[in-house]
There are 2 protein chains.
Amino acid sequence: MNEHERWQELGQQLRVDSIRCVAPTKSGHPTSSMSAADLMAVLISKYLHYDFAQPQNPRNDHLVFSKGHASPLLYAIYKAAGAVSDEELLTFRSFGSRLEGHPTPALPWVDVATGSLGQGLPIAVGIALAGKRLDRLPYRTWVLCGDSEMAEGSMWEAFEHAAHEGLDNLTAIIDVNRLGQRGETMHGWNLDSYTERAQAFGWHAIAIDGHDVAQIDRAYAEAVSTSGRPTVIVARTLKGKGVAAVEDQAGAHGKALDDPDGAIAELGGPRNILVQVSAPEGNGGPHRFDDGELLLPEYQTGDEVATRKAYGDALAALGAGRGDVVALDGEVSNSTYAEIFAKAHPERYFEMYIAEQQLVAAAVGMQVRKWVPFASTFAAFFSRAYDFIRMAAVSRANIRLSGSHAGVSIGEDGPSQMALEDLAAFRAVHGSTVLYPSDANQTAKLVAAMADRDGIVYLRTTRAATPVIYGADEDFAVGGSRVVRSSDRDDVAIVAAGITLPEALKAADLLDEAGVSARVIDLYSVKPVDGETLRAAAEATGGRLITVEDHWPEGGLGDAVLDALADTDEPPRVVKLAVRWMPTSGKPAELLAAAGIDAGHIVEAARQLVGTATAGAAER
Amino acid sequence: MNEHERWQELGQQLRVDSIRCVAPTKSGHPTSSMSAADLMAVLISKYLHYDFAQPQNPRNDHLVFSKGHASPLLYAIYKAAGAVSDEELLTFRSFGSRLEGHPTPALPWVDVATGSLGQGLPIAVGIALAGKRLDRLPYRTWVLCGDSEMAEGSMWEAFEHAAHEGLDNLTAIIDVNRLGQRGETMHGWNLDSYTERAQAFGWHAIAIDGHDVAQIDRAYAEAVSTSGRPTVIVARTLKGKGVAAVEDQAGAHGKALDDPDGAIAELGGPRNILVQVSAPEGNGGPHRFDDGELLLPEYQTGDEVATRKAYGDALAALGAGRGDVVALDGEVSNSTYAEIFAKAHPERYFEMYIAEQQLVAAAVGMQVRKWVPFASTFAAFFSRAYDFIRMAAVSRANIRLSGSHAGVSIGEDGPSQMALEDLAAFRAVHGSTVLYPSDANQTAKLVAAMADRDGIVYLRTTRAATPVIYGADEDFAVGGSRVVRSSDRDDVAIVAAGITLPEALKAADLLDEAGVSARVIDLYSVKPVDGETLRAAAEATGGRLITVEDHWPEGGLGDAVLDALADTDEPPRVVKLAVRWMPTSGKPAELLAAAGIDAGHIVEAARQLVGTATAGAAER
């Protein structure tokens, strides 16, 4: 058997195994796997450099299935590479198996979860960026893309960035099998549609027959030898290739084959080819940037400093202290203050322009290679990347996101720039951490803590300068809070964070004059939340809490407090002050007042709550 | 003065007024306005057909500022058109003014809010689609785009769709002023970068000098006379054009000019040109599709029907009853069952492929023209369009979104396809409605109600078939709930919706056997929520509630219940059952059990709560 015949045989094996693994649960996407089998057979036989025994080898290539639903093909590859047994292959999609419906890093050879289309390529751009500019290693990132997912704008963010950065270590393979889930794609088998777009975006593009192993071989060779720009291989394929009942048939997407045994026979029966995938050459480890002393910025109490500025200062300091910290920003680094890091550590700074999906995806890609990314933009614009953030949690990614310009307190720019849903969105991410510091020294400490925190870690910062109220020597733990003001006998507790903390403190002063003693809690850690301090406040005040947040009423700080106190013997009464009106332009103070979250409204709510509760108690 | 000189003078006036309006609050983006002033001067003088006295004239052209931060220019246009007084112009960005920092429909001539970049063009695709396929009127949609926002993938979703649909009634104008907020764009003044990309995407592209009114004039004429495809005008401009201190200068983005009077003098001083913008020609109204009888589908109690199937059935029925209802789907219509509508009403169905941002944007565009859009995809994938949904609320848009395949109960596909944050995300949208029906007849009634509901209305449907428990004659109001099971003396109340309602009912049966009487509430309206029924349940059970949801613990049904009961005299104890583990593949029942939200876990929680409460009471 010559090389080409061996590749063809391997392609058939990958098809057969894709069908076999779907059969037990009758669930999965065999036809989407069969179209790309020859493309992958040649790749793993000759071009992929990967040490399956050492998935953490820093010199390994990366193989990302952007079309995650072709997981049967990926797992069939793992079997062919000897990494997964045939027995395990047949556990596909059953409860308890690592071989999930779409790939996840439950498997050590999977870098990131895919399955939400249009994400694998942008993440791969992050891996390739890490390879070129951080690790400085010759590994290549290969991405198998579906043709349907080319309709996702995020794919074009990736095309744009990969070309802009000259990522010749990145190869995308588009499996143009013509058929989406419910019918034909916009472009069918018009390969020119894809090559012309890719070329216009600055890529080298090669159109081939995706079932002709000689053409596939030549295309990979050309990709590897192309320098200065990434290559895309646009491959015409047949969905369900090799099995007449499903080949190029509509209505065969995402379904087990009706007659798997017949299909396997049609493909020439099972095979047991074991591929010796080449390990990467050489031994050198990744480039490392120097670690230095970590000297966090310090601010004088009484000064006014915006927490976004403290973020930038602290991030730059963290970068000086730790060589593994990198920063990315979405073309607003002069607003988020990521520019301070950019100036201090230009080699580790990545300008992602106004492409928030690519911004977050690049961070996910960089953490694949153990870098510690901090990505920033206006908090409102992380909503653009919410699907990527959701999926990053499925990827078990460790990324840190900093959103500035939160809430109505930004003022004149108006609601399009005001994050008012970010706390809700980030809280509803599995395993996430949500921080909302109130002063600059606290921000600095929390930024340092973020670097060591796993999962999706979000920091919400404020546009306006706010008073520095904590000394630079104070420590702030994730999951903690600060009782900023209290007495032996508090009538009410005000729970605030960020921009509302100064308002709460002003309110407490005013209430004091009116004979009402208010405890003030700085709930800077919105998730995890300090339930103990909240419960103590509930008890001390006879169950009278006010929460105040520059956020919609749903899912933010108020709901975090309610959740922490829900399953207690006697839950307190909680009055939630939040933004219940669609904001406009105006001065920050005008908008805080109009939204009902300034000191005056806190005073009013507290007086009402204390009065009502007293009245209520009298009635009982 | 000849025509060209008049246009040049008008351009100067628009610049002067952009500077003038920013001066009072010292807030805004004059330089981003000045670059596009000549482009807009020619447009409103000769090409725009718009009746400012009748903004609702269906034949009006549409002018969308995708670069919403150029609002000073837009408002200067309104002044030049006589729609806004000079006095009002100077209220720009001050509290109470309609002239907000970024355009919103507070002004009758603004179709949609912009300011989150990359949204205006995709929304304009929706307007142009409405013009061509629904209204069937000759109005043209003009979109002013920034060059920086071309990095947003959503712009390329729009390019792809507009070409695919042959939208020759759409003209995009890219103001290539080279400078973003913090520095140069990826492509600077390389106009070919833009024209080549646009051409590869199937557009007609014209590169011009954006300050040469003759070239601008010719480009518009060419755009208007181009048929079969949309046109993009790529205009080389100078940011801050005409004022030496800021012209083509970095660092001048989003700032009032230091010396506005000097700048105005440099531009030749204020002018008071009044432009007679041409009203649209002709009188015919929009095409209307026939209304018919609304015959909602009816399902037999005891049968098992998936709520997603009921969505499709009901939507098709609604389409038969109402000619204004239209449907869109993101290439999964055979899963969401939007395909039933597509088959019944092909003229009013829009296939948006796998481009969720464009999917939602098109719906927003269509409602501009008073159509009643329903857009569907997997619930998880609306997270891709979260920024568009957020902005749709700022646009005061009336759109209906249906997300299928919610939660772990989808089974084998795994977490990438499981919406577990959608309730949180949609609740945190201003003025939104969030519905999560539990049976097919209820779904049908709610789908009908959605058509008449303003704002962002979200329906969460379930993949699996669930028992039909309500008769087809029952009514279900938005904001309501159903007490499905109760007795005179309930020990505990279980609050559920969707897939967890059958589990709650099973649990109630099991609890009954154990001597515990459980009230079961179907909280199908998650927002607004039926506080009265919840309070009654709290009172009846001595304050013992269990919420159970196929969703992360944050921001969903449980938090909606807590919120409704937070500010009451004696809030109940609430045990929240939700998904607290990263799900895997598996059978739906296995996953509901593993997530702790099946009948068994409800029983366990109820017994513990009832026992604990009793014990607690004894202790007190």
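A residue is called buried here when its relative accessible area is under 20%, exposed when that area is over 50%, and partly exposed in between (1.4 Å probe, protein chains only). By this rule, both A:Asp422 and A:Arg460 are buried. The model is predicted: local features need pLDDT of at least 70, side-chain atom pairs count only at pLDDT 80 or more, and totals for chains, interfaces and linings use all residues. Residues are numbered from 1 along each chain as its sequence is written, chains are lettered from A and ligands numbered from 1 in the order in which they are written, and side-chain values use heavy atoms, with hydrogens and water left out.

A:Asp422 and A:Arg460 form a salt bridge, with their closest N and O atoms 2.8 Å apart. A salt bridge is a side-chain nitrogen of Lys or Arg within 4 Å of a carboxyl oxygen of Asp or Glu. A:Asp422 lies in helix α16 (residues 422-427) of chain A and A:Arg460 in strand β12 (residues 456-460) of chain A, so the pair ties together parts that are 38 residues apart in sequence. Helices (H or I, at least four residues) and strands (E, at least two) are DSSP runs, numbered from the N terminus.

Over all chains, the structure holds 77 salt bridges. One of them joins the side chains of A:Arg271 and A:Glu9, at 2.6 Å from N to O. A:Arg271 sits in the loop between α10 (260-266) and β6 (304-306) of chain A, and A:Glu9 in helix α1 (residues 3-22) of chain A, so this pair links parts that are 262 residues apart in sequence. A:Arg271 is buried, with a relative accessible area of 13%. A:Glu9 is partly exposed, at 26%.

B:Asp248 forms a salt bridge with B:Arg178, and the closest N and O atoms are 2.8 Å apart. B:Asp248 lies in the loop between β5 (231-236) and α10 (260-266) of chain B, and B:Arg178 in the loop between β3 (170-176) and α8 (191-200) of chain B, so the bridge connects parts that are 70 residues apart in sequence. B:Asp248 is partly exposed, at 23% relative accessibility. B:Arg178 is buried, with a relative accessible area of 15%. Elsewhere, salt bridges that share partners join A:Asp17, A:Arg20, A:Lys79 and A:Asp86 into one network.

The relation of the chains comes next. A rotation of 180° with 0.0 Å of shift along its axis superposes chain B on chain A (RMSD 0.0 Å). That is the relation of a two-fold axis. Copies are superposed by least squares on the C-alpha atoms of residues with pLDDT of at least 70 in both. In chain B, the C-alpha nearest the axis belongs to B:Gly153, 1.8 Å from it. The same surface serves both copies: 100% of the contact residues of chain B recur in chain A.

In the interface, 100 residues of chain B are in contact (heavy atoms within 4.5 Å) with 100 residues of chain A. The area buried between the chains is about 8,700 Å², and carbon and sulfur atoms give 52% of it. Buried area is the accessible area (1.4 Å probe) that two parts lose on being put together, summed over both. B:Phe95, B:Met186 and B:Arg384 supply 9% of the area that chain B buries against chain A, more than any other three residues. Between chain B and chain A, the count is 22 salt bridges. In one of these, the side chain of B:Arg384 meets that of A:Glu152 at 3.7 Å, N to O.

Helix α15 (residues 386-394) of chain B is mostly covered, with nine of its nine residues buried. Among them are B:Tyr386, B:Phe388 and B:Arg390. Just after α15(B), B:Arg396 takes a positive phi of about 55°.

Local backbone features complete the picture. A cis peptide bond joins A:Lys527 and A:Pro528, with omega about -5°. A:Pro528 is in the loop between β17 (525-527) and α19 (531-540) of chain A. In chain B, the peptide bond from B:Lys527 to B:Pro528 is cis, with omega near -5°. A:Tyr353 has a positive phi of about 55° although it is not a glycine. A:Tyr353 is buried, with a relative accessible area of 12%.
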